[in-house]
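Grab a pencil and work through the exercises below. Each one sets a task and then walks through a solution.

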Amino acid sequence: MAKYLYKLGKWAANNNKKVIGSTLAILIVIAIFALNLGPNFSEEMTIPGTESEKALQLMKKEFPSNTGGQVQLVLKAPENKTLDSEEVNKVITDTLIAIKDNDKHVVSVVTPVELGNLSKDKKIGYAVVAYDVAADKVSEKSKDNIIENIKETRDAGIQTELAGDVVFSELEIGGITEAIGVVVAYVILAITFVSFLAAGMPILMAVIGLAIGLLLIVIGTNYLDITSVSITLAAMLGLAVGIDYALFIMTRFRQQRKEGYSVSESVAIATGTAGSAVVFAGITVIIALLGLSVAQIPFLTMMGLSAALCVLLAILIAVIVVPAFLGMMGEKVGPDRKNTLLSKIKSDKKQTTSDRWGNFVAKHPWKVAIVGIVVLAIIATPMLHMELGLPDNGSKNEQTTERKAYDLLTEAYGPGHHATLLVVAKTSSETTNLQLALNDTIEELSGLSNVKSVSPAIPGPSGELYLISITPVTGSNDSATKDLVNDIRKRSDLLEKSDHITLMVTGSTAVNIDISQKLSDALPVFALLIIGFSFVLLVLVFRSILVPLKAVLGFILSLGATLGFTVFIVQDGNLIDLFGFPIADPVLSFLPVIVIGILFGLAMDYEVFLVSRMREVYTHTGNAREAVLAGMRDSGGVVTAAGLIMISVFTGFMLAPDPMIKSMGLALTFGVLFDAFVVRMAIVPAVMIIMGNSAWYLPKWLDKILPNLDIEGEAFMKEVEKNKK
């Protein structure tokens, strides 16, 4: 592969204008296509085959009127007034009539007085606006109609907030926080390259690849069910790896220029050597992301595919477009072009930081290894009580209308109002004395612990299905609510035997519980597959048993610390004000799976770039200690810069207001911190020093049958060096 990439790099450098022009043309064509189609994200997070999903499908067939989108206008009367007063009720009624008259998709509007849902003090209630289309199909025009008309109630002093299943506070991508992350990455690159011009190139390359990827995802939303969280994850990962991959190739290009190779030859060598490592590392990330499909959860599979697409484009940009830009810019981004100001910041003394750290680790390997392992093990301990869930409106920023509506509804009806369970009671021909059986069922459900209220059974047109609504005492993410769902399902088994009535629990709370359980069950299988795959892959790359074993154990350690730290902050509520989380909440249900996939890929990135240099020196010298020092000296700096860039980009997303994006940003930020700096830059070299020559042991019989991947490009480099002489 290295040889083919060497040729590709040389071709791209020599045909730089064609490559760059073609890339920009492709970007423009895709942009035009995407803008014409527009985005069409699906926010439905369900798992086919679960009880809640089966019940939901039955309910949609039997009660089709319940399947349209609904907006709740949550209202709080002005001071010294109530919602049922003639003056206040008239303003509410007039507002609802205006909403209906201005939107043909509104099928009905109902006031709080008509619904009879006023709080005990009659200060709080909610009106309902029902649509003839699904919640995720309600148009921006319809939403604007709501926002425009509720100005009337707000002007009258009636606090009006929006809830329901129609989203008003849309997910934002590319905000100021993400921009800050990119600016920090630029500063890191500027210091690394001692050049402002050279620093901009990796970011430009990453942005081009990311733009193509995100536009393709937008196009894909018109044909596939892709959630808006998918594009955020893709943007987060695509930007970070795009910058890093360009950084690796540019660093090698500058090294070759220092050694006296021509621009064209330097580009070719960089593409063949660093490019090989980029392709290998990128493919491991892609495989890990595609591995998300193991959980057999459609929305999670699409998240993995979306992110994998952006990583693939980052690889292609790195090995095709980056060489073209390097060929065009030539000496302008070479090692001799140094900025005076940056040269003072990065003195020659500071350039030996990695070398000094390597010497320190070599002198105190046992201390470094033990301290690193103990620290990460302690940080990992909160993972033992991790709870999974999906955020609701209570997790949103306090400034959003959904969060304000959530707080008003909690004040009026208690936290269980947000966790309403819909129970589909299915009868059969064997059910005798139907009404008595249904009354007994409702009585039994009312007697369960944590039940606040149970509605009468509403019959469906077929006469076989009945809909029962249960309001728990606790909220949707409370463990007691999960226990209630399980209790109802256990009671269903008894009722099926005694009265031939089957109870199926659904509703958003039950769906979220099922998603979390399914993901929790899939987590060990996915982790074992990833760990097993990484071990085999690293055996092929490093031709060793102990080096891959050490790498895998290091990954497990950094993964445990990442999840433990996330639980400590997000779930346990420690330092949530510092990190900007509104409240303590269960860990995002699909976060552990995503962290395993992404962190595995990034961990392999750092392992390959650091240890491949060690292997290269060891094969030439046979000195294990010298190999570790050379790896730290030659690759430590670029791994440090790459890790800092990843952290800066992920931190930008961690500072975003949306709780989903924030929790993913937090986990990945500290995941990279733990893996790149504690595991790869401290524990790995320390353990390698301790193992000595035995680290590179491989049985002869295994050495003969293993293919030689040669990601360092040793074979073609021998030819290049011969030609140079």
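Before you start: this is a predicted model, where local features need pLDDT of at least 70, side-chain atom pairs count only at pLDDT 80 or more, and totals for chains, interfaces and linings use all residues. Residues are numbered from 1 along each chain as its sequence is written, and side-chain values use heavy atoms, with hydrogens and water left out.

**Exercise 1.** Work out how exposed Tyr 186 is, and do likewise for Phe 196.

Step 1: Tyr 186 has a relative accessible area of 28%, so call it partly exposed.
Step 2: Phe 196 comes in at 36%, so it is partly exposed.

**Exercise 2.** Classify the ring pair of Phe 299 and Phe 590, and say what the pair links.

Step 1: Rings of Phe, Tyr and Trp (its six-membered ring) pair if their centres lie within 6.5 Å; planes under 30 degrees apart are stacked, over 60 edge-to-face, and the rest tilted.
Step 2: Here the centres are 5.7 Å apart and the planes sit at 70 degrees, so the pair of Phe 299 and Phe 590 is edge-to-face.
Step 3: Phe 299 belongs to helix α11 (residues 298-329), while Phe 590 is in the loop between β11 (587-588) and α21 (591-621); at 291 residues apart, the pair links distant parts of the chain. Helices (H or I, at least four residues) and strands (E, at least two) are DSSP runs, numbered from the N terminus.
Step 4: Phe 299, at 3% relative accessibility, is buried, and Phe 590, at 0%, is buried too.

**Exercise 3.** Describe how α8 and α11 pack.

Step 1: Their axes are 8 Å apart, at an angle of about 140 degrees. Axes are lines fitted to C-alpha atoms, for helices over the stretch in contact, with angles from 0 to 180 degrees between N-to-C directions.
Step 2: That makes α8 and α11 oblique to each other (under 35 degrees is roughly parallel, over 145 roughly antiparallel, 65 to 115 roughly perpendicular, the rest oblique).
Step 3: Now the residues: those of α8 that meet α11 include Leu 197, Met 201 and Leu 204, and among their α11 counterparts are Ser 306, Leu 309 and Cys 310. Contact means heavy atoms within 4.5 Å.

**Exercise 4.** Find which helix holds Val 183, and decide whether Val 183 is buried or exposed.

Step 1: Val 183 is in helix α7.
Step 2: Its relative accessibility is 52%, so Val 183 counts as exposed.

Note on methods. Buried means under 20% relative accessible area, exposed over 50%, partly exposed in between (1.4 Å probe, protein chains only).
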